[in-house]
Every structure is written in structure tokens, then in C-alpha cells.
Amino acid sequence: MEILHVGKMKIGGCLGCEYCHTKGEGKCVQKDDMEKVMPAYKEADMIVFASPIYYFDLTAQLSAAMQRVYAIGKPAAKKAVLLLSSGSAGTHDGAIATYKGILAFTKIEDAGIITAAGEENGSEAKLAEIREFAKKL
Ligand SMILES: Cc1cc2nc3c(=O)[nH]c(=O)nc-3n(C[C@H](O)[C@H](O)[C@H](O)COP(=O)(O)O)c2cc1C
């Protein structure tokens, strides 16, 4: 298992320049920390996306990392999971819609979504729920 903290990396948004699909032959024109993420996209059987909710959506850093997969078309993974934390309840819909849209587009199975809001974040009950969930993956 490899953990990649994309929130602490420098990952630019996709420029839509099509370099990757032309001269770049699958390589992005931007030389940034996405070079650390790409091997995982190419090799991982399963991806666990985890993000706090920032303004009703995934963080900009995770969104950029998800969109930059465009360079190689789709990840190798067969399954994915989404973990979301937020300050308030009822703020996860935008992030879930993005995740589900990307999974449908790249033909990856959704193995489950866990959300936590407010005091649930880091609580023993939520951690127990995640541990039980992880055993079934
Ligand atoms: C820039 C920013 C935007 C945020 N936007 C939202 C939001 O739209 N809805 C919400 O419920 N919480 C929002 N929050 C709160 C975070 O989601 C919350 O602090 C975070 O999930 C806590 O997770 P952590 O304990 O894993 O860091 C925002 C926080 C920041 C810093």
C-alpha cells in the first residue's frame, strides 16, 4: 500500500494542451509532483481517494490529481473508495457526484463511500466503521 499526500504536493491543473496525446506520448508537459502519482495510477489495483470538503467539493489538489490522469486515459485500478470529512453534514454531494462521474467514465467499480462530518471526524465510532469497511474490501 502506498499513501500519497497530494494536498502537500505541487500539482498543477490540466492545461488541456493535448501534449500528452500528441508529442508527449502519455507524458504531461508539466513537470511537477504528478510524476510521483502517475506510477500509482498505472499500478494500483485499488485507489482510496480521501479529501476534506472545501467549499462543497473535493480539494483543488485532489481534483487536479484526478483530472491529470487524462494523460494516460484511465487508471489501472479496478476498484475505488471515497473518504470525505467535512465541518458540517449535508455538504458531500458535490464531491460524491464528481467521484461517481469519474468512476463511470473510467469504468472503475465504486467499492464504497464513507463520510464524516463535524464531531464524527477522528471519532472512535467512525474509525471503527472504517476498519470494518476496510476488512470487506
Ligand atoms: C478552505 C476550506 C473550505 C471548507 N469548506 C467546507 C464546506 O464547504 N463544508 C464543510 O462542511 N466544511 C468545510 N470546511 C471544513 C473542512 O471540511 C473540515 O475542517 C475538514 O473536513 C476537517 O477534516 P480533517 O480533520 O480531516 O482535516 C472547509 C475548510 C476549509 C479550510
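Residues are numbered from 1 along each chain as its sequence is written. In this predicted model, local features need pLDDT of at least 70, side-chain atom pairs count only at pLDDT 80 or more, and totals for chains, interfaces and linings use all residues.

**Exercise 1. Find the order of the strands in the sheet, and its edges.**

Step 1. Helices (H or I, at least four residues) and strands (E, at least two) are DSSP runs, numbered from the N terminus. Two strands pair if DSSP finds at least two bridges between them.

Step 2. Read the order. The sheet is open, with three strands in parallel pairing, ordered S1-S2-S3.

Step 3. Pick out the edges. S1 (46-52) and S3 (109-117) each have a single partner strand, so one side of each is left without a neighbour in the sheet.

Step 4. From one strand to the next it averages 10 degrees. Axes are lines fitted to C-alpha atoms, for helices over the stretch in contact; angles run from 0 to 180 degrees between N-to-C directions.

Step 5. Look at one pair. S2 (residues 79-86) joins S3 through eight parallel bridges. Ser85 lies opposite Ala116 in S3.

Step 6. Place the helix. H3 (residues 93-106) packs on the sheet and touches S1, S2 and S3. Its direction makes about 170 degrees with that of S2.

**Exercise 2. Describe the largest nonpolar core.**

Step 1. Define it. A nonpolar core is a set of buried Ala, Val, Leu, Ile, Met, Phe, Trp, Tyr and Cys residues joined through C-beta atoms within 7 Å. Buried means 20 or more other C-beta atoms within 10 Å of a residue's own, with C-beta atoms placed from the backbone.

Step 2. Size it. The core has 22 residues, and Phe49, Leu62 and Ala65 have the most contacts inside it.

Step 3. Find the suppliers. H1 (34-43), S1, H2 (60-67), S2 and H3 each supply at least two residues. H2 gives the most, with four.

Step 4. Zoom in. Phe49 touches Leu62, Ala80, Leu82 and Tyr99, leaving out residues up to four places away in sequence. Contact means C-beta atoms, placed from the backbone, within 7 Å.

**Exercise 3. Decide whether Pro75 is buried or exposed.**

Step 1. Locate Pro75. It sits in the loop between H2 and S2.

Step 2. Count. Pro75 has 21 C-beta neighbours inside 10 Å, so it counts as buried.

Step 3. List its contacts. Beyond four places in sequence, Pro75 meets Tyr41, Ile47, Val69, Thr106 and Ile108.

Definitions and conventions: Two residues are in contact if their C-beta atoms, placed from the backbone, lie within 7 Å. A residue is buried if 20 or more other C-beta atoms lie within 10 Å of its own, exposed if 12 or fewer, and partly exposed in between; C-beta atoms are placed from the backbone.
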